[in-house]
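Here are some notes for someone opening this structure for the first time. They are meant to be read with the sequence and the model side by side.

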Amino acid sequence: MVVIQLPTPPGASPLAAPPLAAPPLAAPSLGATPPGPSLGDADRSGTGVLAIALGPAMVRFTGRLEGDMADPTGIDRVVQGRRLSVATRPWSWLTQVHGSTVAVIDTPGGGAGMAGDGAVSATPGVALAVLTADCAPVAFASPEGVVGVAHAGWRGLVAGVIEETVAAMRALGARSVSAALGPCIHAECYAFGPADLDAVAARYGSGVRSETSDGQPALDIPAAVRQALHQVGADLEADADVCTACSTEHWSWRARHDEARQATVIWRP
Ligand SMILES: [Zn+2]
């Protein structure tokens, strides 16, 4: 596993991460697809925000330190303030329904609160966001300037939310698509029912089957994301490699019944 050091563009937010420290030990992968490069968690010290550049876009993955980023009403001024402290522009966020509907956003702040689990844009300044606890947040960018974001829990994965988001980007002119996977629950903490596990394996192969740390059948969400990206021809350029259930710096419904949500936001300056 290779740890990449992403460049910080001139004028980037002071939230941008310091240079990465030594890479963490790679976890064994049970999937057929090799894991993407890891960002580790060493660059989260200080602000808590994991900040990366993905192609021409900026990505922020928040954690517990930044507070609850969920606001179903869209008018909570405390949450609005938290969001703006992470990305100082109006956010286009989604009312997530664990499906595969993708919103196309062409104005900053447009579509806020729309029902869906993916969003794409070719417009500079549009900040696309998803809110997660244990589900996988995936940010996408292409050199052509198209960006995207997806909320991928197991139901959304089976529904094809990754593939639909990349297809929507290509419809806007994206050619090569790079992706970054944020903090999500990992297999060692994600005991999973056999029937549901079969449904995910039917779509993404046996590499999604894993075991919890105490030997129960488990779903490997990152492996499913990697396979979905592979099938649609997108490159996993960065992986936060953080388990939300293990990490005390993140919200987790499965581990702690947290109602709060961390955010993933991407925009092209
Ligand atoms: Zn864990």
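1. Helices α3 and α5 are oblique to each other. In this predicted model, α3 covers residues 161–171 and α5 covers residues 221–232; they pack at an angle of about 40°, and their axes are 9 Å apart. The crossing of α3 and α5 is right-handed.

2. Which residues form the contact of α3 with α5? From α3 come Ile162, Glu163 and Val166, and from α5 come Val225, Ala228, Leu229, Gln231 and Val232. By class, the residues of this contact comprise six nonpolar, one polar and one charged.

3. Val177 lies in the loop between α3 and β10 (178–181). Is Val177 buried or exposed? Val177 has 25 other C-beta atoms within 10 Å, and 20 or more count as buried, so Val177 is buried. Beyond its neighbours within four places in sequence, Val177 is in contact with Phe140, Ser142, Val166, Met169 and Ala234. One of these, Val166, also belongs to the α3 side of the contact with α5. The C-alpha atoms of Val177 and Val232 are separated by 9.4 Å, although the two residues are 55 residues apart along the chain.

4. Helix α1 spans residues 77–86, and its buried residues are Val79, Arg83 and Val86. Seen down the axis of α1, these buried residues fall within an arc of 60°, so they line one face of the helix. An α-helix has 3.6 residues a turn, so residues three or four places apart point the same way. The cover over the buried residues of α1 includes β2 (57–61), β3 (91–95) and β14 (262–267). On the face turned away from the buried side, α1 carries the exposed residues Arg77, Val78 and Gly81.

5. Most residues other than glycine have a negative phi. His98, in the loop between β3 and β4 (102–104), has a positive phi near 60°. His98 is partly exposed, with 16 other C-beta atoms within 10 Å.

6. His257 also has a positive phi, of about 55°, without being a glycine. His257 is found in the loop between α6 (253–256) and β14. How many other C-beta atoms lie within 10 Å of His257? There are 9, and 12 or fewer count as exposed, so His257 is exposed.

Notes
Residues numbered from 1 in each chain as written. Predicted model: local features only at pLDDT ≥ 70, side-chain atom pairs only at ≥ 80, totals over all residues. Axes fitted to C-alpha atoms, helices over the stretch in contact; angles between N-to-C directions. Helix = DSSP H or I, 4+ residues; strand = E, 2+ residues; numbered from the N terminus. Parallel < 35°, antiparallel > 145°, perpendicular 65-115°, else oblique. Left-handed = near helix turned anticlockwise from the far one by under 90°. Contact = placed C-beta atoms within 7 Å. Nonpolar A, V, L, I, M, F, W, Y, C, P; charged D, E, K, R; others polar. Arc of directions from axis to C-beta.
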